[in-house]
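Subject: Structure for your review

Dear colleague,

Please find the structure below, together with its sequence. I would be grateful if you would read the notes that come after it with the model open beside you.

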Amino acid sequence: MSERIVVVGFGPVAARLVDDLLPAVRTGLVRLLVVGQETEAAYNRVMVAELGVGRTTADALAMAEVSALESDGVDVRLGVAVKRIDRARQHVVLADGTSEHYDRLVFATGSRPVVPNLTGLNPDPTGPVLPVGVTALRDLRDAEVLRSAVAAGQRVVVLGGGVLGLETALAAAEEGAQATVVHNGPFPLGRSIDRGSGSVLTASLRAGGVRVAGNARSTGVETAGPGGSFSALLLDDGSAIDGDLLVLSCGVRPRMELAEGCGLPVGTGILVDHHLRTYHEPHMFAIGDCAEVRCQDASCVECRTANGPSGLVGPGWRQAEWLAEYLVVLARDGQSAADALEALPKEKPGVVMLKARGIDLAVTGDNLADPWDEELLEAGAASGRPRRQVSQWADPEHGRYVKMTTRGGVLEGFVAVGMPRTAAELVLLFERSSELPADRSLLLRLDGPDQLDAGATSKDPQRTVCRCAGVSAAGIEDSVLEGCSSVAEVSKATRAGTGCGSCHDDIKGFIEKHFQATAAH
Amino acid sequence: MPNGADTHCPYCALQCGMTLTPAQPQAASPAVEPAVILDVAGRDFPTNRGGLCRKGWTSASLLHHTGRVTEPLLKGSDGVHQPISWDQALQLITAAVKDTQREYGNDAVGVFGGGGLTNEKAYMLGKFARLALRTSRIDYNGRFCMSSAAAAGNRAFGVDRGLPFPVADLDTASVILMLGSNVAETMPPFVQHLQGARDAGGLIVVDPRRSPTAALTSDGGGLHVQPTPGTDLALLLGISHVVVHEGLTDPDFISTRTSGYAAVVRSLATFWPERVQSLTGVPAHLIRDTARLLAQGAKTGGSYILSGRGVEQHVDGTDTATAAINLSLLLGLPGSSRSGYGTLTGQGNGQGGREHGQKADQLPGYRKITDPAARAHVARVWGVDESLIPGPGLPAVELLKSLGQPDGVRCLFVHGANVVVSAPDAHAVTKGLRSLDFLVVCDFFLSETAAEADLVLPVTQWAEEEGTLTNLEGRVIRRRRALMPPPGVRNELWLMAQLAKLLEAPSTFSDDPETVFEELRLASAGGLADYSGIDYAMLDRGEAAYWPYPSGSTGTPRLFGDGFAHADGRAVMVPVTPSKRVRSFADGSLALATGRLLEHYQSGAQTRRVDELLAAQPQARLLIHPGTAASRDISDGDYVTVTNERGEVLCRAELSTTVRPDTVFLPFHFPGQESANRLTEAVTDPISGMPEFKTSRAWVRKASVIKEAVLAVTGLPLHAKEAS
């Protein structure tokens with residue numbers, strides 16, 4: 001009998017795992033049961049805000065189709081939660097009372113939004129009942145709520161200056177809503193960016209039609225709207241921000257009650273080793289938002305400096321791909337073959353890119369040091385390891401700002417606002433740990449207008465005018481001097497213009513210039 | 001004696017119309033030998049409209065080149081080639097084939113063909129291999145060229161014709177997306193057909209380099225999209241993502257003319273523009289702009305997507321071409337009268353050459369060699385028992401890897417290919433050739449591959465022969481003889497006919513091109529590439545013959561108007577995703593892309609012998625970004641080494657902001673120390689067998705002073721020195 005794998009949760013990360021396991025399911029090497037609490041199969045949650053402002057459709061977000069999976073032999077249960085896990089019997093017990101055996105179990109339970117402690121909001125973290133007009137924008141129904149508000153041009157208050165909050169506010173503003181971002185620091189995106197980029201970002205948000213309320217501590221929500229719905233966000237200075245919809249964007253927390261409930265060790269997330277195995281139960285795994293990779297080896301440097309789940313989907317997908325291969329090898333070739341697989345490589349800090357039409361922002365790593373910050377720059381520079389270097393460009397008037405923090409020419413962090421091509425290159429250079437050009441300004445110039453038509457207006461007589469036939473400006477001028485007075489004649493004499501013909505206008509120019517000059521005499 | 005001719009250029013697949021006319025004898029010239037010198041002139045033909053590039057203009061100078069091989073040459077034990085008679089040559093070959101096969105079996109003899117051969121030669125080469133040499137081991141250099149696009153086209157449309165529409169259709173398009181194709185250098189007269197899109201601001205060029213074609217997008221001509229090498233697939237998924245999510249698809253077309261839509265949409269969900277930006281280096285807004293322009297074009301003047309080797313010559317080339325096709329299907333382009341998808345065929349007869357049996361897995365008419373009905377049909381035309389036709393052989397890279405290996409090929413025929421320069425991992429290929437028991441190379445010059453041969457056979461050039469080719473739009477055209485070849489030079493059809501006789505082959509082997517074409521018609525009848533309704537007379541009348549052209553029909557200028565070539569008439573959308581193979585460029589390495597220059601063609605065996613072209617581009621130059629060069633202390637014109645685990649190239653550097661800082665570009669037309677293919681890897685696409693030409697990892701360093709001093713003394717291009 002082939003092994004049965006049970007996947008708990010059916011979000012984007014589980015979808016990737018299921019996809020990669022499909023070939024093994026089709027051949028009967030493994031059997032697969034996927035249990036999802038939502039009634040929909042996996043969809044791309046990362047784009048829920050886009051759906052909420054009407055920029056895409058739920059169909060286009062789908063990452064899996066139940067009928068297709070079922071015809072491949074996958075057992076899919078949707079709209080039903082896993083109630084508990086019986087480790088001794090290797091059973092999952094579902095909310096509908098049924099229980100299912102597993103040989104391997106994968107937690108892909110993801111995370112849930114943090115509901116801040118505000119008066120007027122239910123503080124129960126596992127099952128918050130939010131007042132009408134308050135949403136955490138996590139699933140398709142939340143998106144529908146935002147959709148109605150945006151379509152009606154209502155006032156949307158976003159609590160939280162993180163990436164998702166900014167994306168939601170910007171998109172809502174662009175699509176016709178009145179959007180306000182409320183955050184508690186001096187600038188949005190908190191500690192991941194520095195003051196310079198924070199200031200430029202704030203200005204850009206305002207230019208994009210978003211109201212920004214910084215250094216604001218919220219204390220409660222007022223529900224004096226129709227039918228007891230949200231009407232204002234209350235701040236600790238006694239002021240209030242009026243609105244029709246409150247979007248909570250205060251981060252996420254791993255969903256790990258099931259793991260905890262069956263006695264598995266947890267930290268920030270469900271603790272797993274470099275093979276994504278839970279502690280003490282090597283046939284149970286966790287991936288994605290709910291997993292925290294931190295092995296039990298005290299000497300492991302990688303884990304000593306690890307920061308818990310990143311909350312980004314990229315690392316989750318890489319875990320899913322890796323685990324699928326591991327599970328297949330395990331089922332096909334046994335434990336020792338699976339253990340021989342190379343462990344999942346260490347994740348670099350994730351790059352955050354604002355999904356927004358009006359603002360280009362990319363940021364990653366540590367950006368706190370300034371170019372003259374000796375203490376921060378020297379930190380970690382020992383035994384031949386070079387010190388940090390910081391290069392910076394600020395042009396707030398035009399909404400542009402770049403800071404690059406490097407060690408030995410390789411990026412440790414960067415932030416780029418308002419410079420899309422520069423940002424795109426920096427992301428690649430960071431991801432690949434490539435050395436930056438010694439002249440950092442080269443990267444800034446990628447967004448300059450001089451990049452496009454370099455050399456096109458050269459007056460060098462040796463420059464090639466007709467590439468196809470290899471004829472220089474001088475060659476054409478000579479033929480005109482010798483009496484050619486039409487493009488056809490120049491072509492006959494020099495072959496210029498006899499290929500693609502795109503230099504005909506240039507040749508005409510030479511002829512006209514010559515005859516104008518002659519006429520003037 | 002022919003007296004000039006209306007024919008086509010010998011080089012690329014645009015097959016520009018040209019007229020060859022005997023020049024007036026020069027009065028002052030001493031009458032050593034009254035050789036006919038030909039004048040070249042552009043001729044009005046829909047692909048080139050009278051235009052020619054430098055390669056075409058100078059093509060006739062090779063006919064009387066002093067380096068021409070005019071007698072069979074046998075390599076002596078001293079390694080020096082000496083002339084022998086044709087009789088001796090034929091006897092030697094016959095003996096070599098028989099000895100090899102007696103000792104090692106029939107498949108120890110192999111054939112490597114070329115996409116520059118006429119339809120007649122390509123057809124006959126496949127028949128010769130299977131019936132006279134009785135081997136399955138035949139493949140050709142088109143595997144390095146069109147195989148990925150072909151595999152993707154077959155998978156999606158059920159048929160592979162490079163452009164399924166006449167090239168002049170492009171003139172009225174308002175948007176043209178060029179994927180990894182540098183036509184401004186590879187087929188310059190083609191640029192005329194981009195003018196309409198440029199005028200409409202709708203030319204979009206995807207190329208890591210600001211190539212001359214990419215530069216055509218400046219001044220409002222359109223967009224240049226500059227992904228880092230090897231990430232085209234992700235880019236295309238990003239563009240498709242925007243098309244789906246912004247509701248820019250053509251739902252009627254998708255529901256009535258395609259299958260597989262839902263699965264493709266699911267596969268696109270995770271490729272939102274910002275994520276694609278982090279994979280490709282292309283700003284998210286450019287990805288969105290590209291999608292919107294394409295959709296807008298499809299609704300107005302027409303949108304075309306054209307793919308080239310830049311996106312196809314990768315280990316994921318078939319999937320990348322598939323992603324381009326999926327994008328075109330989402331937008332409803334294929335089969336429309338004013339929009340479409342196509343791939344730009346490279347070699348002169350790259351289209352016809354891939355249809356008539358030069359491929360390891362194929363029989364004439366684009367038939368599968370494993371299909372019993374196809375085998376029965378071809379066996380009937382050839383008048384042999386079906387069991388005499390061997391099964392599928394090995395694709396090019398595998399064939400070359402097998403040279404000299406146990407159970408590999410030990411005796412090889414090469415026709416119209418210069419694998420020492422053009423195949424990936426050139427060092428390994430050269431080693432393979434040297435390990436052969438017997439190597440026969442047919443060429444007009446002592447190319448780098450011919451120099452390795454035991455026996456070199458002199459064959460006709462384009463202006464000395466009759467035949468047909470099939471250009472990039474699937475149109476069959478005539479090549480005509482303008483003058484007689486030098487004495488001692490033979491046509492390959494004659495060679496195959498003679499050898500077939502000596503090897504006691506069944507069936508018939510004519511040396512007359514028209515007779516061979518008549519047989520090809522029958523063999524192709526009923527196949528996908530059906531030529532049965534085409535004959536020399538109609539081509540000579542100037543009729544435009546696009547295949548499929550079944551007998552009794554009027555041919556097919558535009559495919560897919562009524563349906564696609566699958567049983568249900570629908571195009572198939574196949575979900576594809578980028579490979580998980582992660583490339584690290586952490587240790588100071590750069591992405592090396594290879595490609596072409598305007599002045600040279602393929603391995604340069606011909607164009608490096610044209611004085612004007614060699615003078616313009618005498619040696620390989622590595623394009624490197626000034627910033628990348630600065631950190632390596634490299635100045636413009638310095639000699640640099642480009643190295644990786646497979647080999648080293650020594651050449652000059654050219655500093656240019658047209659390349660990305662993380663990428664260097666090296667043309668592949670040069671041999672020896674400048675040979676780009678010493679660095680490319682012989683890993684291949686799992687579906688098409690296409691090697692990875694476009695993205696290798698390499699380290700670039702300034703060459704040591706000693707090397708530079710030696711070069712400065714001689715002052716010669718490196719390859720010229722090697723040859724001397």
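For chain A the mean pLDDT is 90, and 96% of the residues of that chain reach 70 or more. Among the elements of chain A, the highest mean pLDDT, 98, belongs to strand β7(A), and the lowest, 82, to helix α9 (residues 301-304) of chain A. One stretch of chain A calls for caution: over residues 452-457 pLDDT stays under 50, and the model has 5 contacts beyond four places in sequence for these residues. Where pLDDT is low, the predicted coordinates should not be read in detail.

Strand β7 (residues 104-107) of chain A runs parallel to β20(A), and 3 bridges join the two. Within this pairing, A:L105 has A:M284 as its bridge partner in β20(A). Strand β19 (residues 277-278) of chain A also pairs with β20(A), but in the antiparallel sense and over 2 bridges. Here the bridge partner of A:T278 is A:E281. The strands β19(A) and β20(A) form a hairpin with 2 residues between them, and in this hairpin A:H280 takes a positive phi near 65°.

In chain B, please look at two helices. Two packed helices are described by the angle between their axes and the distance between the axes. Helix α8 (residues 232-245) of chain B packs against helix α11 (residues 273-280) of chain B at an angle of about 165°, and their axes are 9 Å apart. Because this angle is over 145 degrees, α8(B) counts as roughly antiparallel to α11(B). Their crossing is left-handed. From α8(B), the residues B:A234, B:L235, B:L237, B:G238 and B:V242 meet B:P273, B:V276, B:L279 and B:T280 of α11(B). The residues of this contact comprise 7 nonpolar, 2 polar and no charged.

How many residues does each chain bring to the contact between chains A and B? Chain A gives 44 residues and chain B gives 44 residues. On the side of chain B that touches chain A, at least two residues each come from α1 (54-57), α8, α10 (261-268), α11 and α23 (626-630) of chain B. The residues of that side divide into 21 nonpolar, 17 polar and 6 charged.

With kind regards

How values were computed: Residues numbered from 1 in each chain as written. Chains lettered and ligands numbered in written order. Predicted model: local features only at pLDDT ≥ 70, side-chain atom pairs only at ≥ 80, totals over all residues. Pairing = 2+ DSSP bridges. Helix = DSSP H or I, 4+ residues; strand = E, 2+ residues; numbered from the N terminus. pLDDT = per-residue confidence, 0-100. Contact = placed C-beta atoms within 7 Å. Axes fitted to C-alpha atoms, helices over the stretch in contact; angles between N-to-C directions. Parallel < 35°, antiparallel > 145°, perpendicular 65-115°, else oblique. Left-handed = near helix turned anticlockwise from the far one by under 90°. Nonpolar A, V, L, I, M, F, W, Y, C, P; charged D, E, K, R; others polar.
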